[in-house]
Amino acid sequence: MIDLKNRLKVLRAERDWSQAELAGHLDVSRQAVNAIETGKHDPSLPLAFKIARLFEMTIEEVFDDQA
Amino acid sequence: MTKPEPANRELTPAQNYVRIILWSVLLCVPLFALGAMMAAVEHISEDGGGWVDYALVAGGILVIAVSVYFLWRWLPDFTMGEPNTPRGNRMRWVLVAIAVISALITIPLLSGGDPADGPHPLFSNAPVAPTIALVTALAWGLLMPPLILFSRRNADEHKLQTQDFGMMVGFQAFSLAAPVWWMGWRGGFLPAPDVMILFAATLAISLIVTIWKQFV
């Protein structure tokens, strides 16, 4: 199983957003954001695209499967 | 008078849960006061009542007024830290619908159960009146499927994944327990399998695993 790392927590902190605020932007629950940030949940491809677009980045800039 | 802004935005989720529990306890106060007042009014209308009945009515009005004020003043944030999105609001309505369906099932069973069958008519296989059986069966059988469908369409992918995992573990537990119990019964060393015990255990295991996956 690939260990997927992500920069979601850092990107969120840079914008001074709470988990709930980020969850609101993505239309998911706060638990979903928390689970992605802590690596307990790997987002689906549509949600990964949505996250990348929200931060105006590519998916590879947010998520890293090589770490 | 304008509705106050929820003053608990800074509360942690755990503190918010505690606040909702305390608020729910406070909600019982006017309900009990209303019950006492109704009994007192009944006494007064039957035989004129005594000073105690009049005191109960006056005290009841005061208690209800004060508690309703504090219920409004201390209104918790029912979003529980979740974003206030249309999808989130629809999922909170699912919780309200589950509470209503549970009430539709438990209240007739509790009020219509025969005391001779024991103190727990909900957890009994004793016969019930056909009307009660029909109401509770229809409440479960007709209302739950559209609610489950609505919930599945509005849950986010993390919730769906945790629910699916919980249901998978619940079903695995059922598929182990049911045949073992059945064969034990056929072998004569266990009582007859009880479908409702298996159902309740499956549901409990599914819920516990779902909550564990979702929050821990």
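This is a predicted model: local features need pLDDT of at least 70, side-chain atom pairs count only at pLDDT 80 or more; totals for chains, interfaces and linings use all residues.
## Extent of the interface

The contact draws on 13 residues from chain B and 16 residues from chain A, and the two chains bury about 1300 Å² between them, with 45% of that area lying on carbon and sulfur atoms. On the side of chain B, the residues that lose the most area to chain A are E82(B), E157(B) and H158(B), which together account for 39% of what that side buries.

## Polar and charged pairs

One salt bridge is counted between chain B and chain A; in a salt bridge, the side chain of D27(A) meets that of R87(B), at 3.6 Å from N to O. Across the interface of chain B and chain A, seven residue pairs are found in polar contact, with both residues of each pair at pLDDT 80 or more.

The elements of chain B that give two or more residues to the side touching chain A are α5 (157-186) and α6 (195-215), and of the elements on that side α5(B) gives the most, with three residues. Sorted by class, the side of chain B that touches chain A has four nonpolar, five polar and four charged residues.

## T85(B) in its loop

T85(B) is found in the loop of chain B between α2 (51-73) and α3 (86-112). Leaving aside residues up to four places away in sequence, T85(B) touches G24(A) and D27(A) in chain A, as well as R92(B) in chain B. With a relative accessible area of 11%, T85(B) is classed as buried, because that value falls under 20%.

How values were computed
Residues are numbered from 1 along each chain as its sequence is written. Chains are lettered from A and ligands numbered from 1 in the order in which they are written. Side-chain values use heavy atoms; hydrogens and water are left out. Contact means heavy atoms within 4.5 Å. Buried area is the accessible area (1.4 Å probe) that two parts lose on being put together, summed over both. A salt bridge is a side-chain nitrogen of Lys or Arg within 4 Å of a carboxyl oxygen of Asp or Glu. A polar contact is a pair of N or O atoms within 3.5 Å; within protein, one must be able to donate a hydrogen and the other to accept it, and residues adjacent in sequence count only if both atoms are side-chain atoms. Helices (H or I, at least four residues) and strands (E, at least two) are DSSP runs, numbered from the N terminus. Ala, Val, Leu, Ile, Met, Phe, Trp, Tyr, Cys and Pro count as nonpolar, Asp, Glu, Lys and Arg as charged, and the others, Gly among them, as polar. Buried means under 20% relative accessible area, exposed over 50%, partly exposed in between (1.4 Å probe, protein chains only).
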